[in-house]
Amino acid sequence: TTPANIRPMMQGPSKNALRRMGTTTVESFRERINKHREVQRAEMEKRHDTNRIELQDAARARVRAFMERMLRRFDAAINRLRNLADRVASRSEKLEGDKKDLGRAKELLGAARVEIDAADAALAAIRANLETALAEEDPRAAFEAIQGSIAEAKEAIRVAHRALVESIVAIRANSGRGPSTRGATTTENN
């Protein structure tokens, strides 16, 4: 049922074909083919390993860039909160000179500064663990610890912002200007 031109190929190479290839027997031909396959397989595994390493390096570079951007943004937020806390403290000192009762506002301002320091400490922990995580063989497992620090920093920034807003509202209420939420924003839904 097979065509005449395919039948010889199914039986293996002819004696003339073996002579042209430099072999004399079918077994030596098979050995040569098997050696060729082994060489090809080894080259393929080497290329695969090289590609895997290149992909891992590229992924590490992307993760490093992402984390650096995130850390810059957190640093900027912390600096803004510190500046705002300094301005609120300055304003409360001026109002204390006018004999205003700002105990609640100072308490909230102190809580905000504590949360700002907590966020700063969480960022320091992230920076310390980042290079270790990127150097690990399995960086995904190492990033679980970093994600906890990221959540801590994010929550500390939110709580600090909330405390600063409440402090400003308390200062405005005690200064005779009344509570105002015109410039205040909330971060609860972010």
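A salt bridge is a side-chain nitrogen of Lys or Arg within 4 Å of a carboxyl oxygen of Asp or Glu. By this criterion Arg82, Asp117 and Asp120 are linked in a network of salt bridges. The model is predicted: local features need pLDDT of at least 70 and side-chain atom pairs count only at pLDDT 80 or more, while totals for chains, interfaces and linings use all residues. Residues are numbered from 1 along each chain as its sequence is written, and side-chain values use heavy atoms, with hydrogens and water left out.

**Overall architecture**

- The protein chain contains five helices and zero strands, where helices (H or I, at least four residues) and strands (E, at least two) are DSSP runs numbered from the N terminus.
- Along the sequence, the pattern of the protein chain reads α-α-α-α-α.
- Of the 190 residues in the protein chain, 27% are buried; buried means under 20% relative accessible area, exposed over 50%, and partly exposed in between (1.4 Å probe, protein chains only).
- The protein chain has an accessible surface of about 13400 Å², and 51% of that surface belongs to carbon and sulfur atoms; accessible areas come from the Shrake-Rupley method with a 1.4 Å probe, and for residues only the protein chains shown count as cover.
- Contact means heavy atoms within 4.5 Å. Among contacts in the protein chain between residues at least 6 apart in sequence, 71% join residues at least 24 apart.

**Helix H4**

- Helix H4 covers residues 103–135, and its 33 residues should span 48 Å at 1.5 Å a residue, since the expected span is 1.5 Å times one less than the number of residues.
- The end C-alpha atoms of H4 are 49 Å apart, which agrees with that expectation.
- A kink of about 30° in H4 is centred on Asn129; the bend at a residue is the angle between axes fitted to the seven residues ending there and the seven starting there.
- The buried residues of H4 include Ala105, Leu108, Leu109, Ala112 and Ile116. Further along H4, Leu123, Ile126 and Leu130 are also among the buried residues.

**Salt bridges**

- Side chains of opposite charge can pair when their charged atoms come close.
- The whole structure holds seven salt bridges.
- Asp75 forms a salt bridge with Arg127, with the closest N and O atoms 2.3 Å apart. Asp75 lies in helix H3 and Arg127 in helix H4, so this pair ties together parts that are 52 residues apart in sequence.
- Both partners of that pair are partly exposed, Asp75 at 24% relative accessibility and Arg127 at 38%.
- Arg52 and Asp49 meet in a salt bridge at 3.8 Å, N to O. These two residues lie three residues apart in helix H3 (residues 26–97), about one turn of the helix.
- Arg52 is partly exposed at 36%, and Asp49 is likewise partly exposed at 34%.
- In helix H4, Arg104 and Glu107 meet in a salt bridge at 3.1 Å, N to O; because they are three residues apart, about one helical turn separates them.
- Arg104 is partly exposed at 46%, whereas Glu107 counts as exposed at 52%.

**Ser167 in helix H5**

- Ser167 belongs to helix H5 (residues 139–174) and is buried, with a relative accessible area of 0%.
- A polar atom of the Ser167 side chain lies 3.0 Å from the backbone oxygen of Ala105.
- Leaving aside neighbours within four places in sequence, Ser167 is in contact with Val88, Ala105, Leu108 and Leu109.

Technical notes: A polar contact is a pair of N or O atoms within 3.5 Å; within protein, one must be able to donate a hydrogen and the other to accept it, and residues adjacent in sequence count only if both atoms are side-chain atoms.
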